[in-house]
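Trainee: Could we go through this model together, one contact at a time?
Mentor: Gladly; have a look at it and ask away.

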Amino acid sequence: MKADFDNNLPIYQQIVERLKSAIAKGELAPGEKVPAVRELAVLCKVNPNTMQRALARLEEMGYVFSERTSGRYVTRDESVIARLRAELPAALTGDYVRAMGDAGVEASRVAAYVEEYIKEGRVSHG
Amino acid sequence: MLRKQLKYDFIFAARFFLGMGAAGIGLGLLVFIMGGLSQSPANFSLGAMQLMSTAWTVALAMSVAQIYQLYSRQFFGEVGHLMLTLPVGRGVQLLSKYLVALFWSFYIFATMFLSLRLMAARSESSSVGITGPGGEVLTGINLAGPLMQFAALAFSAVAILFLIVTLANCTLGGWRVHTIIAWLVGGLYFAAFVWAIAAISGRAREWVTVDTSFVHDGVVHMGMRTFLAPTIGADIGRVPLGDMYVDVYLIAAALAFGLAAAGATHWLLRKKITLA
Amino acid sequence: MDNILEITDLGKRYGRMVAVEGVRFSLAPGKILGLLGPNGSGKTTIMKVIMGLLTDYTGEVRIAGAPPEVHPPGVAANRYISYLPDAGHIPTWFTTEQAIRFFADFYTDFDEAKAGEMLDAMKIPRHKRVKALSRGMQEKVQLAMVMARRAKLYILDEPIGAVDPASRDFILNTLLAHYAEDSAILLSSHIIADIESVLDEAVFLREGKICMMGEADALRQERGMSLDQIFREVFRNA
């Protein structure tokens, strides 16, 4: 979870995406307590207000909820998490295709790369 | 806050002065012991004392330079970032440094005095025949007289240092009007300092006739006269104090100038202080 | 005054040379603001004015003390500000224990225990003289003393300036760990990349004037690049 964020994009959005991903993958289990804002901020080396904003956004979206005195928890609602998990492949695909495009690969050739990887376990050059 | 400021200013100054004074006494002890072993103790002592009075003025100059350095570092060096951002007023800081400088000036005075005392212990002044600048025979050592004069000297010396530091800073900072004011005040300080020295050497009244030897007498013989010589010649304003005569008017003038200059320095520091 | 710091139209000249001009920004509680710009752009000047080290300036500077007090720069305001200057300010012959004593003596909000903990975490023995420590260690000790105070405003001038990357990480962590919602941090840096993720707001200075300012993420969104990139672009076109 702690990792370098891309300073070229708004950091709070990146935090939101990372946390969503963590919840989808089960790194943050349903009902698990989310560490305090300050702790997370120090861990990720980001501004605490930015972290707070990200967590508030997650709360807005329903992925975490806060218990008045004890802090924030990941939602226990399995359907919400399932939906998130379903979104993941779509988001990852979009990221992948965009990245391939940035690397200079034509859109029509992307699928071929994927198929070869699945079949052979690796991809030959070109 | 004054007590805390005093504590630290005292410690900062002690690092230099403690050793200095101890060295002085050590030297005196050494001469005392060696005098005891020498063939002609009186001559040995005499030679040592003549050397010592020159060494004493060098030591005073070093102390003065050290006080200057301490303050310039405290106010305008990197440590100034720490000292000047304390929740302590400028007036308190200045007062603390003045008091500390006075204390250590007296300390140097006392240790040098003791040192000379030790050296002089084996000399029989009557048979030695040291003559002072006025042609008088020097006898005895009297502490009370020099103390008052030294107070004026120390006070104005410290005041001068503050001014040097402020002046240097003003000039670097480039303020026109304040630089002029500072230099004018510098004249006052210098006058106070010279008066004080002249008072000690008893030469102030002779200024009217241009006598350049007063500088030599005043500074180089300051040691001998201060410690050993009674000033001769009764005159208005001169108060006998033991073996010494104290020129009251000159002391008062030195103190007054010193105070005025201190006030001006305080104002300058409060209004215009700047760190490069 | 709700803000911890408010600066309006600040100007400072040295003779004919303009150090800063028309500087205006404020700092709310809980915020970390970065003054970003090359050396000589006026960052240190602004900080020295706030600390009362430069007195000959135009404009207004207001610092919030224990509510409802508001102070101009000076002795009264300094009680609420913890300052880390660019160059080392602790006398180098001090031992770390003496440094703790010094700060404890003059500042009622100095947390001795915390300072001790930080030194222990850095494995620095108390009797070690500051001059005997490496450059990076010295910086960390200076920072520890500054952050161990429970001040309303922390002013850090080039905290990661001349320090190795490992020490930089430590310093940034210390900064974030001492974050409090009712205090604010103003820091300056000419190295942007390492520090931009901890900023709420950024103020870009060029030759004494603000050429750009805003919330960090908003600037990133607007320009589609990092603060570091923005900085380089802005100054390439100088």
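Trainee: Which side chain of chain A meets Glu215(C) in a salt bridge?
Mentor: Keep in mind that this is a predicted model, where local features need pLDDT of at least 70, side-chain atom pairs count only at pLDDT 80 or more, and totals for chains, interfaces and linings use all residues. Residues are numbered from 1 along each chain as its sequence is written, chains are lettered from A and ligands numbered from 1 in the order in which they are written, and side-chain values use heavy atoms, with hydrogens and water left out. A salt bridge here is a side-chain nitrogen of Lys or Arg within 4 Å of a carboxyl oxygen of Asp or Glu. At 3.3 Å from N to O, the partner of Glu215(C) is Arg53(A).

Trainee: Which element gives the most to the side of chain A that touches chain C?
Mentor: Helices are DSSP runs (H or I, at least four residues), as are strands (E, at least two), numbered from the N terminus. On chain A, α1 (11–25), α2 (37–44) and α3 (48–61) are the elements that give two or more residues to the side touching chain C. With four residues, the one that gives the most is α3(A).

Trainee: How much area do chain A and chain C bury between them?
Mentor: Contact means heavy atoms within 4.5 Å, and on that basis 17 residues of chain A meet 23 residues of chain C. Buried area is the accessible area (1.4 Å probe) that two parts lose on being put together, summed over both. Carbon and sulfur atoms carry 46% of it here, and the total is about 1600 Å².

Trainee: And how much do chain B and chain C bury between them?
Mentor: This contact joins 28 residues of chain B to 26 residues of chain C. Carbon and sulfur atoms hold 64% of the buried area, which comes to about 2500 Å².

Trainee: Which residue of chain C forms a salt bridge with Lys7(B)?
Mentor: The rule finds one salt bridge across the interface of chain B and chain C. Its closest N and O atoms are 2.7 Å apart, and the partner of Lys7(B) is Asp105(C).

Trainee: Which element gives the largest share of the side of chain B that touches chain C?
Mentor: At least two residues each come from α1 (2–37), α3 (79–83) and α10 (248–272) of chain B. The largest share is seven residues, and it comes from α1(B).

Trainee: Which residue of chain A forms a salt bridge with Arg57(A)?
Mentor: Over all chains, the whole structure holds 21 salt bridges. For this one, both residues lie in helix α3 of chain A, three residues apart, about one turn of the helix. The closest N and O atoms are 2.6 Å apart, and the partner is Glu60(A).

Trainee: Which element gives the most to the nonpolar patch of chain A?
Mentor: The patch covers about 530 Å² and is made by Tyr96(A), Val97(A), Val114(A), Tyr117(A), Ile118(A) and Val123(A). Such patches take residues with over 30% relative accessible area and no salt bridge, joining nonpolar side chains (Val, Leu, Ile, Met, Phe, Trp, Tyr) within 5 Å and like charges within 9 Å; accessible areas come from the Shrake-Rupley method with a 1.4 Å probe, and for residues only the protein chains shown count as cover. Val123(A) is in the segment after α5, while α4 (78–102) and α5 (107–120) each supply at least two residues. With three residues, the one that gives the most is α5(A).
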